[in-house]
Amino acid sequence: MTASDDPDPSPCNNNPERWYFTREQIANSPSFKSGLIPNAKETSYRQHAALLIQEMGQKLKVNQLCINTAIVYMHRFFTCHPFTVFHRNVIAKACIFLSAKVEEQPRRLEHVINTAHFILNTGTPSNPRVYQALDLHSDEYKREVEELIRNETIILQTLGEHKIAYSLMIVPGFAKKEERDH
């Protein structure tokens, strides 16, 4: 079966060429199809998400390849899901967290959450706000952790990479046990 014979022309199916998009597929994104977001607004959302990923990556001190990978993940994700269902900032945060693992530059979950929180809550030079760090024991922080992990899983499923999800998880003591068995 070729890509043109595929009964589901959606870019989110399991077709090996699913990440090659026609102009029509790009123009008819899930956000546009929902009727709530015009193409110009979607472009603006994508740009803001990419800028957030870029700034987070720089503050987390990951290389540009890791940042670019996260931006690609974000663009692919929003080719399958509308901005009306997933907020760009929470997906951007999950994309940089995932790409740091994939590109072998993992960052602690708390550092990713705190970096995003700092960027999104400090205001601008012309309109500064007093930054208040998240309390690691607060309910808000616990919600942020759960949300980031849930969104990371959704991104993996969307990208068709759910098979590698377990390889990205760190299992304490696994390597030590394996070494002892040999």
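## Arg108 and its salt bridge

Arg108 is exposed, with a relative accessible area of 51%. Here, buried means under 20% relative accessible area, exposed means over 50%, and partly exposed lies in between, with a 1.4 Å probe and protein chains only. The side chain of Arg108 meets that of Glu110 in a salt bridge, at 3.3 Å from N to O. Glu110 is partly exposed, with a relative accessible area of 23%.

This is a predicted model: local features need pLDDT of at least 70, side-chain atom pairs count only at pLDDT 80 or more, and totals for chains, interfaces and linings use all residues. Residues are numbered from 1 along each chain as its sequence is written, and side-chain values use heavy atoms, with hydrogens and water left out.

Side chains of opposite charge can pair when their charged atoms come close. A salt bridge is counted when a side-chain nitrogen of Lys or Arg lies within 4 Å of a carboxyl oxygen of Asp or Glu. By this rule there are four salt bridges. One of them joins Lys93 and Glu144, at 2.5 Å from N to O. This pair links distant parts of the chain, since Lys93 belongs to helix 5 and Glu144 to helix 7, 51 residues apart. Lys93 is buried, with a relative accessible area of 6%, and Glu144 is buried as well, at 16%.

Lys101 forms a salt bridge with Glu152, and their closest N and O atoms are 2.8 Å apart. Because Lys101 lies in helix 5 and Glu152 in helix 7, the pair ties together parts that are 51 residues apart in sequence. Lys101 is partly exposed, with a relative accessible area of 21%, whereas Glu152 is buried, at 8%.

## Overall arrangement

The protein chain contains nine helices and two strands. Helices (H or I, at least four residues) and strands (E, at least two) are DSSP runs, numbered from the N terminus. Along the sequence, the pattern is α-α-α-α-α-α-β-β-α-α-α.

Of the 182 residues in the protein chain, 41% are buried. The accessible surface comes to about 11600 Å², and 54% of it belongs to carbon and sulfur atoms; such areas come from the Shrake-Rupley method with a 1.4 Å probe, and for residues only the protein chains shown count as cover. A contact means heavy atoms within 4.5 Å. Among contacts with a separation of 6 or more, 64% join residues 24 or more positions apart.

Helix 6 (residues 109–121) has 13 residues and reaches 18 Å from its first C-alpha to its last, close to the 18 Å expected at 1.5 Å a residue. The expected span is 1.5 Å times one less than the number of residues. The buried residues of helix 6 are Leu109, Val112, Ile113, Thr115, Ala116, His117 and Ile119. Their cover includes helix 3 (39–59), helix 5 (88–102) and helix 7.

Helix 7 (residues 139–159) has 21 residues, which should span 30 Å, and its end C-alpha atoms are 30 Å apart, in agreement. Its buried residues include Tyr141, Leu148, Ile155 and Leu159. Asn151 is also found in helix 7, and Asn151 is buried, with a relative accessible area of 5%. Leaving aside neighbours within four places in sequence, Asn151 is in contact with Phe86, Val90, Ile91 and Ala94. After helix 7 comes Gly160, whose phi is positive, near 75 degrees.

## The nonpolar core

A nonpolar core is a set of buried Ala, Val, Leu, Ile, Met, Phe, Trp, Tyr and Cys residues joined through side-chain atoms within 4.5 Å. The largest nonpolar core has 43 residues, and those with the most contacts inside it are Ile53, Met74, Ile91, Cys95, Ile96 and Ile155. Helix 3, helix 4 (64–80), helix 5, helix 6 and helix 7 each give two or more residues to this core. Beyond residues up to four places away in sequence, Ile96 touches partners including Ile53, Met56, Leu60, Ala70 and Val112.

## Aromatic residues

Rings of Phe, Tyr and Trp (its six-membered ring) pair if their centres lie within 6.5 Å; planes under 30 degrees apart count as stacked, over 60 as edge-to-face and the rest as tilted. By this rule there are four aromatic pairs. Among them is the edge-to-face pair of Phe77 and Phe86, with 5.0 Å centre to centre and 80 degrees between the planes. Phe77 is buried, with a relative accessible area of 0%, and Phe86 is buried, at 14%. Tyr45, Phe77, Phe78, Phe83 and Phe86 form one aromatic cluster.
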